[in-house]
Amino acid sequence: MAATRPGRSPGRHRRPIEGQATYGEVIAIGEFRALWLGQGMSLLGDQLAQVALAILVYNRTQSALATAGVYALTYLPPIVGGPLLAGLADRYPRRRIMLVCDVLRAGLIAITAVPGMPFAALCALVFGVVLLSAPFSAARAALLPEVLEGDRYVVGSALQNVTNQAVQMLGFAAGGAVIATLGPYRALALDAATFLGSALVIVAGVARRDAPAGSGGRLSMWTTTRAGGRLVFGDRRLRTLVLFAWLCGFYVLPEGIAVPYAMELDDGTLPVAAVTGLLMAAMPTGTVIGAFVFSRFIAPSARLRAMGWMAMLTCAPLIVCAMRPPLVGVLLLWVLSGIGGAYQLAANAAFVQCVPADRRGQAFGIVQSGLLAAQGVGILIGGAVAQELGPEPVVALAGAAGLSLAAWLAMAWTESRTEIFAEARAA
């Protein structure tokens with residue numbers, strides 16, 4: 001069992017802002033490996049579970065609406081309960097929060113794997129599982145900067161981002177084949193096992209830490225949520241960084257209307273399903289490329305300077321879709337948009353630096369809830385408008401609107417990054 005230790009020992013110092021870390025240096029840290037492996041296991045199980053639930057619900061109800069409703073439950077709980085429950089990661093030891101959430105999620109998912117579970121109970125169980133992801137994710141996000149300091153945090157975040165994208169693509173691609181072999185109930189049981197596996201990895205590989213300093217008060221969750229909102233939106237730098245994060249609502253919209261877009265591009269050369277898969281894989285592919293290059297070859301200070309331009313790059317290529325390019329052109333534009341999304345690594349690192357260590361859980365919870373809301377609302381509006389105008393104009397309009405916001409944020413960021421440079425050099 002790992003020994004108890006504080007979050008930061010007195011003899012450790014932050015790396016200088018230009019101290020660039022390597023992937024090997026980050027992977028060599030045992031606690032990071034544990035967090036990385038546990039996250040990968042849980043995410044792979046979740047992708048299988050999403051496919052299994054969709055098949056299970058549709059087979060039982062023969063209703064597209066019911067199937068979509070269960071899928072929507074993966075967005076709703078963090079938006080509604082995320083800001084409230086995320087504050088738990090600032091009141092109790094973060095390792096303990098992660099373990100409790102993993103064990104509870106394993107139990108709830110195991111119950112969904114019981115054949116004959118009523119549809120209403122199934123929805124309630126799914127809601128609970130997703131709701132528990134809010135405090136888990138907040139605790140994990142707040143713990144990571146304690147495990148990885150300085151530029152190691154950016155490199156570690158990039159590595160996790162690449163892994164998450166790869167696991168998602170693998171999970172969705174292989175999910176159908178796995179479920180065809182195991183059946184939906186066994187696939188759900190496998191998801192429960194991944195949560196238990198994640199808990200075991202955390203127990204073995206992550207050191208115990210005390211609750212964050214200053215978290216000993218008995219404030220209500222409503223009070224801590226309001227305080228978190230004031231912290232995030234009352235600080236100009238944090239407010240700008242949050243808006244940078246929520247910009248994704250514009251440039252992820254194309255993925256939500258990939259099916260009608262594929263139908264517009266259909267010329268009989270490839271099946272519509274294959275074209276849809278290529279479109280949905282384009283941005284994640286660009287994100288993987290951008291995250292690797294941005295974290296490996298760009299100096300930390302240069303990342304902060306490039307953040308505004310990279311944010312504009314995520315949206316600008318989408319405007320060209322108004323010209324109705326062929327499939328190859330669309331794929332190149334969407335990959336380029338995904339490459340620009342690497343700016344989120346720099347925004348995340350700057351956000352960590354600006355938020356007090358004992359308030360990170362609540363702050364990350366608010367940002368994550370907003371991210372999900374931005375994506376969900378953006379895709380919903382995009383789908384509704386695409387029915388009237390067609391997918392290409394909608395993608396172009398989203399790109400134009402996002403580019404306008406990104407340009408404004410780039411100007412607002414210029415002054416904030418100067419302050420961050422000064423604080424980093426003084427640390």
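Predicted model: local features only at pLDDT ≥ 70, side-chain atom pairs only at ≥ 80, totals over all residues.

Colleague: Is Arg152 buried, partly exposed or exposed?

Modeller: Buried means under 20% relative accessible area and exposed means over 50%, with partly exposed in between. Glu25, at 23%, falls in the middle class. Arg152 has a relative accessible area of 25%, so Arg152 is partly exposed.

Colleague: How many residues apart in sequence are the parts that Glu31 and Arg209 tie together?

Modeller: The side chains of Glu31 and Arg209 form a salt bridge at 2.9 Å, N to O. Glu31 is in helix 2 (residues 30-61), while Arg209 is in the loop between helix 8 (184-205) and helix 9 (221-234), so the parts tied together are separated in sequence by 178 residues.

Colleague: In which helix is Glu146, which meets Arg209 in a salt bridge?

Modeller: The side chains of Arg209 and Glu146 meet at 3.3 Å, N to O. This pair links distant parts of the chain, 63 residues apart: Arg209 is in the loop between helix 8 and helix 9, and Glu146 is in helix 6 (residues 119-147).

Colleague: Which residues are linked in the network of salt bridges?

Modeller: Arg209 pairs with Glu31 and also with Glu146. Glu31 and Arg209 are buried, and Glu146 is buried too. The network consists of Glu31, Asp90, Arg94, Glu146 and Arg209.

Colleague: How many salt bridges does a search of the whole structure find?

Modeller: Side chains of opposite charge can pair when their charged atoms come close. A search of the whole structure gives a total of nine.

Colleague: Which helix gives the largest share of the nonpolar patch on the surface?

Modeller: The patch is formed by Val377, Ile381, Val385, Leu389 and Leu397, with about 430 Å² of accessible area together. Leu397 lies in helix 19 (residues 391-426). Four residues of the patch, the largest share, come from helix 18.

Colleague: Is Leu397 buried or exposed?

Modeller: Exposed requires over 50% relative accessible area. Leu397 has 51% relative accessibility, so Leu397 counts as exposed.

Colleague: How far does helix 18 reach from its first C-alpha to its last?

Modeller: Helix 18 runs over residues 360-389, and Gly390, just after it, takes a positive phi of about 95°. With 30 residues, helix 18 has an expected length of 44 Å at 1.5 Å a residue, and the reach in the model is close to that, at 42 Å.

Colleague: How far apart are the C-alpha atoms of Leu247 and Leu403?

Modeller: Leu247 is in the loop between helix 10 (236-246) and helix 11 (248-251). Its relative accessibility is 0%, so Leu247 counts as buried. Leaving out residues up to four places away in sequence, Leu247 touches several residues, including Gly402 and Leu405. Leu247 and Leu403 are 156 residues apart along the chain, yet their C-alpha atoms are separated by 9.3 Å.

Colleague: Which residues does Ser133 contact, leaving aside neighbours within four places in sequence?

Modeller: Ser133 is in helix 6, and at 19% relative accessibility it counts as buried. Its C-alpha is 8.4 Å from that of Arg105, which is 28 residues away in sequence. With the neighbours within four places left aside, the contacts of Ser133 are Pro78 and Arg105.

Note on methods
Residues numbered from 1 in each chain as written. Heavy atoms only, no water. Patch = residues over 30% accessible without salt bridge, like charges linked within 9 Å, V, L, I, M, F, W, Y side chains within 5 Å. Areas by Shrake-Rupley, 256 points an atom, 1.4 Å probe, with all protein chains shown as cover. Salt bridge = Lys/Arg side-chain N within 4 Å of Asp/Glu carboxyl O. Helix = DSSP H or I, 4+ residues; strand = E, 2+ residues; numbered from the N terminus. Buried < 20%, exposed > 50% of the residue type's maximum accessible area, 1.4 Å probe, protein only. Expected span 1.5 Å × (residues − 1). Contact = heavy atoms within 4.5 Å.
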